[in-house]
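Hello,

Here is the structure I promised to pass on to you. Please have it open while you read, as my notes go through it element by element.

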Amino acid sequence: MRKRHNIILIGMPAVGKSSIGVILAKEIGYQFLDSDLLIQKREGCLLKDILEHAGVEGFIRIENEVNCSIDEDRTVIATGGSAVYGQEAMEHFREIGTVIYLKTDFATLEKRLGDLRGRGVVLKEGQTLRDLYRERCPLYERYADITVEENEKSIEETLRSIREAIERYIPETKKGELH
């Protein structure tokens, strides 16, 4: 099977996966898909409500199932921050595209995030943002084909870094085949 041309964005909540993903998709002529919205559509309620009713483990199972079902081509896919807990989904993403980790340091992340539970962030009982950061960063690094540091960068600078990384990582993009 030929690898499809998708760009999958992973990273902590509030790193800009959805915001950057929409703009990137427009710039390269791809569709855009937000996996969190697919989860909400399938379940018929908000992420925070799914977490409340299904619990952390139930939410991760649902997220993994939804992510495994994504069957797109030439699409920028913004994942939820907890997508990396679904090994099957992450392996699926690596088969259907290029996984890009939008990496930010803890201090920047802490400034950006507001109410974690209101955002539908998957937090285990008693877990802090710092705990979550320490737990997830190694997973993002494990699954990423490309890591883009975005500390203190504007959206434009992050987009430029992503485009440059894609051109280095996917040789056919230099010939204009990404468009």
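Below is what I found, starting with the overall layout and ending with a few single residues.

Please keep in mind that this is a predicted model. The protein has 7 helices and 5 strands. Reading from the N terminus, the order of the elements is β-α-β-α-α-β-α-β-α-α-β-α. Of the 179 residues in the protein, 51% are buried. If you take the contacts between residues at least 6 apart in sequence, 74% of them join residues at least 24 apart.

Let me begin with α4, which covers residues 87–96. Which of its residues are buried? They are Ala89, Met90, His92, Phe93 and Ile96. Looking down the axis of α4, you will see these buried residues fall within an arc of 155°, so they line one face of the helix.

The pairing of α4 with α3 deserves a look of its own. The axes of these two helices come within 8 Å and cross at roughly 20°. An angle under 35 degrees counts as roughly parallel, and α3 and α4 are therefore roughly parallel to each other. Their crossing is left-handed. On the α3 side, the residues in contact are Asn64, Asn67 and Cys68; on the α4 side, they are Gln87, Glu88, Ala89, His92 and Phe93. By class, the residues of this contact divide into 3 nonpolar, 4 polar and 1 charged.

**Helices α1 and α7**

Next comes the pair formed by α1 (residues 17–28) and α7 (residues 155–169). They pack at an angle of about 55°, with their axes 11 Å apart. That angle makes α1 oblique to α7. The crossing here is right-handed, whereas that of α3 and α4 is left-handed. From α1, the residues involved are Ile20, Ile23, Leu24, Glu27 and Ile28. They meet Ile155, Thr158, Leu159, Ile162 and Arg163 in α7. The residues of this contact divide into 7 nonpolar, 1 polar and 2 charged.

**Valine 148**

Valine 148 sits in strand β5. With a relative accessible area of 4%, valine 148 is buried. Which residues does valine 148 touch, leaving aside its neighbours within four places in sequence? The contacts are Ile100, Tyr101, Leu102, Lys103, Thr158, Ser161, Ile162 and Ala165. Thr158 and Ile162, both in α7, are also among the residues that meet α1. As for tyrosine 101, its C-alpha atom is separated from that of valine 148 by 6.1 Å, although the two are 47 residues apart along the chain.

**Two positive phi values**

Alanine 14 has a positive phi of about 75°, and it is found in the loop between β1 and α1. Glutamate 152 has a phi near 60° and lies in the loop between β5 (146–149) and α7. Are these two buried or exposed? Alanine 14 counts as buried, at 18% relative accessibility. Glutamate 152, in contrast, is exposed, with a relative accessible area of 61%.

Finally, here are two more positions to look up. Histidine 5 is in the segment before β1, and its relative accessible area of 12% makes it buried. Its C-alpha atom is separated by 4.9 Å from that of arginine 74, which is 69 residues apart from histidine 5 along the chain. Leucine 46 is placed in the loop between α2 (35–43) and α3. At a relative accessible area of 44%, leucine 46 is partly exposed. From C-alpha to C-alpha, leucine 46 and aspartate 36 are 9.1 Å apart in space, and they are 10 residues apart in sequence.

Note on methods. Residues are numbered from 1 along each chain as its sequence is written. This is a predicted model: local features need pLDDT of at least 70, side-chain atom pairs count only at pLDDT 80 or more; totals for chains, interfaces and linings use all residues. Side-chain values use heavy atoms; hydrogens and water are left out. Buried means under 20% relative accessible area, exposed over 50%, partly exposed in between (1.4 Å probe, protein chains only). Helices (H or I, at least four residues) and strands (E, at least two) are DSSP runs, numbered from the N terminus. The arc is that of the directions from the helix axis to the C-beta atoms. Axes are lines fitted to C-alpha atoms, for helices over the stretch in contact, and angles run from 0 to 180 degrees between N-to-C directions. Angles under 35 degrees count as roughly parallel, over 145 as roughly antiparallel, 65 to 115 as roughly perpendicular and the rest as oblique. A crossing is left-handed if the near helix is turned anticlockwise from the far one by less than a right angle, and right-handed if clockwise. Contact means heavy atoms within 4.5 Å. Ala, Val, Leu, Ile, Met, Phe, Trp, Tyr, Cys and Pro count as nonpolar, Asp, Glu, Lys and Arg as charged, and the others, Gly among them, as polar.
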